[in-house]
Amino acid sequence: MAAVATCGGDAGSAGSAVATASKSNVTSFQRRGPRASGTNDSGPRLVSITGTRPSVRNGQLLVSTGLPALDQLLGGGLAVGTVLLIEEDKYNIYSSLLFKYFLAEGIVNGHTLLVASANEDPANILQELPAPLLDDNCKKEFDEDVYNRKTPESNIKMKIAWRYQLLPKMEIGPVSSSRFGHYYDASKRIPQELIEASKWHGFFLPEKIPSTLKVEPCSLTHGYIKLLQFIQNIIYEEGFDGSNPQKKQKNILRIGIQNLGSPLWGDDICCTENGDSSHSLTKFLYVLRGLLRTSLSVCIITMPTHLIQNKAVIAHITNLSDIVVGLESFIGSERETNPLYKDYHGLIHIRQIPRLNNLVCDESDVKDLGFKLKRKLFTIELYILGLGVNGDKTFFPTTLQSSCKASLKNARAWLFSQT
Amino acid sequence: MTLSEGARAGTRELEMLDSLLALGGLVLLRDSVEWEGRSLLKALVKKSALCGEQVHILGCEVSEEEFREGFDSDINNRLVYHDFFRDPLNWSKTGEALPGGPLGALRAMCNRTDLGPVTIALDSLSWLLLHLPCTILCQTLHTVSHQDSCPPGDGSPVGKVHVLGLLHEELHGRGPMGALSSLAQTEVTLGGTMGQASARILCRRPRQRPTDQTQWFSILPDFSLDLQEGPSIESQPHSDPHIPPVDPTAHLTFNLHLSKKEREARDNLTLPFQFSSEKQEALLRPRPSQATSHIFYEPDAYDDLDQEDPDDDLDI
């Protein structure tokens with residue numbers, strides 16, 4: 001149990017395996033010969049799980065959310081053992097897209113998936129995942145996007161200082177690295193063989209609970225109890241919490257729960273203000289977080305918070321989750337026709353970033369973020385009110401680099417050089 | 001009405017009802033005290049019956065005679081009416097009423113054996129919402145309306161299921177209305193001005209942007225639909241000609257616009273780091289004023305001018 005405790009305490013950091021291995025040694029200065037564990041490298045046994053990397057700030061093990069722009073906003077990625085809560089937009093279009101990117105990233109990296117939903121069969125959800133973009137194709141796709149955007153501005157040539165004229169143009173398209181964070185084509189479906197090669201478990205609520213079940217008053221809604229038991233079983237049986245020491249290859253479990261809190265889960269938190277099961281959702285999140293912290297898993301939850309009637313509950317839910325991202329789409333609102341918001345489909349609000357084993361959290365200074373779903377790509381951009389010359393609007397197509405401040409300064413410098 | 005006009009009116013009528021029934025799933029008809037929705041419900045029921053679908057009615061709010069009023073006999077013969085108005089709690093125990101009340105009837109429709117297209121009209125969904133817990137109602141409606149997406153094992157095609165629910169907006173709070181709206185595939189809100197009824201139709205296709213359009217109509221006594229051009233064409237409701245679009249450059253403390261002269265002056269300006277032939281000449285040509293370079297050195301008070309500096313031995 002102590003091994004699991006260290007695993008939980010470090011939230012699955014990369015050194016945990018080393019810690020467990022060195023428990024059986026007398027000193028740590030022993031030369032490590034070839035071990036019976038089956039690994040054939042004679043170096044130190046640093047277990048590296050595919051699709052993860054340690055954070056550059058505190059060594060926390062991170063996985064990608066499927067959107068490299070979102071990874072940068074969250075400080076490099078999603079920490080293993082945490083919950084990412086997405087507050088759905090009104091018609092659930094963009095939040096389901098983020099959900100699918102998360103699952104597709106799991107398939108591409110070879111992680112195990114657990115998909116839970118009350119309104120859609122998990123097999124159907126997996127069929128609709130976006131196709132990953134391979135390295136050679138993606139540069140061509142994004143070049144044509146950049147080209148289409150640059151033509152109206154080509155008549156204003158920038159006067160560059162002569163020393164820099166010969167330098168190559170900076171890449172503003174996404175550079176895909178095959179190890180962490182992939183790009184996906186939202187207009188194509190994932191190839192069937194990738195789905196079949198992956199390991200996934202589905203939880204479809206109407207199948208698990210017969211509809212004629214008499215609902216007895218209980219502190220936790222029946223659907224939630226079933227889901228928690230299912231997750232716990234998978235974690236235990238497949239050894240994500242370290243309970244099967246013979247497992248030679250550690251892997252990450254990616255859990256995706258769709259539309260949690262909607263009436264289809266049996267929870268009336270969206271229907272009434274003070275219902276019978278008003279604490280059921282918060283208890284579920286509490287127990288879920290306990291399960292996640294003691295295992296190598298990461299969870300994404302989409303929740304229709306715009307339907308929740310009791311605003312205090314939303315505050316509780318935000319506190320019980322680790323990362324909370326809110327999506328606000330412009331469909332149907334008056335902003336859709338406002339020319340200031342013309343280029344975007346909605347706004348992203350990063351409502352909370354966790355402090356894991358830290359005193360400070362990696363909050364970015366940028367609060368104005370807009371998203372846009374282009375034909376193939378979902379982009380998140382700094383929402384800056386473009387004040388171009390001749391009164392035409394421009395916006396600054398910087399995909400977020402690691403220092404948002406630098407790009408903001410560059411943007412301001414460009415703006416003032418034009419007048 | 002000439003034949004062509006009648007045909008055109010007929011096709012337009014078909015368009016509105018077809019668009020309401022096209023998606024399948026749950027269709028919410030939201031009405032209010034001023035603009036009632038039962039006649040639109042009956043128009044949809046008549047359309048489905050004429051298309052040959054199986055039609056089930058769950059009547060909870062009005063009596064069977066009142067609901068069947070206005071329908072022809074052949075349509076009346078096609079309707080399967082489940083009456084929960086006369087004896088909702090089954091006190092008379094005659095055995096006619098279905099066991100389990102309206103919920104039992106809905107659940108029985110979940111497990112139907114024949115697979116043709118079916119229309120279930122709920123008159124009214126408000127009554128069900130007031131008598132049943134919202135979550136159970138939502139779950140049952142979801143199961144019933146999504147039967148066609150879960151085909152049985154033998155792979156035979158399942159007909160579309162339409163669930164038409166009449167919902168009285170003023171009876172419910174925002175919570176249940178929001179919950180049911182998020183479940184519905186099509187939502188029709190009835191309203192109108194000056195005696196003209198309008199229907200605002202919101203279609204939510206899965207994973208696509210929802211479409212929103214408003215249609216003016218009136219219902220004839222035989223429950224067929226007559227589409228009309230309303231008082232104003234409302235297919236683009238947002239542009240208001242009196243308010244100009246927002247101009248971001250309007251109230252700034254600095255000037256962003258250049259006049260022609262200013263622009264020319266700007267273009268003629270040579271920036272300090274711009275490379276030109278004059279600059280190149282100036283750099284390459286040796287300066288005539290200074291033949292050699294001088295170093296001016298003033299020793300500090302703390303400077304140690306050591307005569308035995310070992311570096312002096314270096315032979316450079």
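Guide: This is a predicted model. In helix α11 (residues 311-320) of chain A, the buried residues are A:Val313, A:Ile314, A:Ile317, A:Thr318 and A:Leu320.

Visitor: How do you know that the buried residues of α11(A) line one face of the helix?

Guide: Seen down the axis of α11(A), they fall within an arc of 165°, so they line one face. The face turned away from that buried side carries the exposed residues A:Lys311 and A:Asn319. Exposed here means over 50% relative accessible area.

Visitor: What do the buried residues of α11(A) pack against?

Guide: Their partners in chain A are β4 (83-87), α10 (280-293), β10 (297-303), β11 (323-329) and β12 (346-352).

Visitor: Why are α7(B) and α8(B) called roughly parallel?

Guide: The axes of α7 (residues 134-145) and α8 (residues 174-183) of chain B come within 11 Å and cross at roughly 10°. Angles under 35 degrees count as roughly parallel, and these two helices are therefore roughly parallel to each other. Their crossing is right-handed.

Visitor: Which residues of α7(B) and α8(B) meet?

Guide: B:Cys134, B:Cys138, B:Leu141 and B:His142 of α7(B) meet B:Pro176, B:Ala179, B:Leu180 and B:Leu183 of α8(B). By class, seven are nonpolar, one is polar and none is charged.

Visitor: What makes α5(B) and α7(B) roughly parallel?

Guide: The axes of α5 (residues 101-110) of chain B and α7(B) cross at roughly 30° and come within 9 Å. The limit is again under 35 degrees, so α5(B) and α7(B) are roughly parallel to each other. The crossing of α5(B) and α7(B) is left-handed. Their contact has five nonpolar, two polar and one charged residues.

Terms used. Residues numbered from 1 in each chain as written. Chains lettered and ligands numbered in written order. Predicted model: local features only at pLDDT ≥ 70, side-chain atom pairs only at ≥ 80, totals over all residues. Heavy atoms only, no water. Buried < 20%, exposed > 50% of the residue type's maximum accessible area, 1.4 Å probe, protein only. Helix = DSSP H or I, 4+ residues; strand = E, 2+ residues; numbered from the N terminus. Arc of directions from axis to C-beta. Contact = heavy atoms within 4.5 Å. Axes fitted to C-alpha atoms, helices over the stretch in contact; angles between N-to-C directions. Parallel < 35°, antiparallel > 145°, perpendicular 65-115°, else oblique. Left-handed = near helix turned anticlockwise from the far one by under 90°. Nonpolar A, V, L, I, M, F, W, Y, C, P; charged D, E, K, R; others polar.
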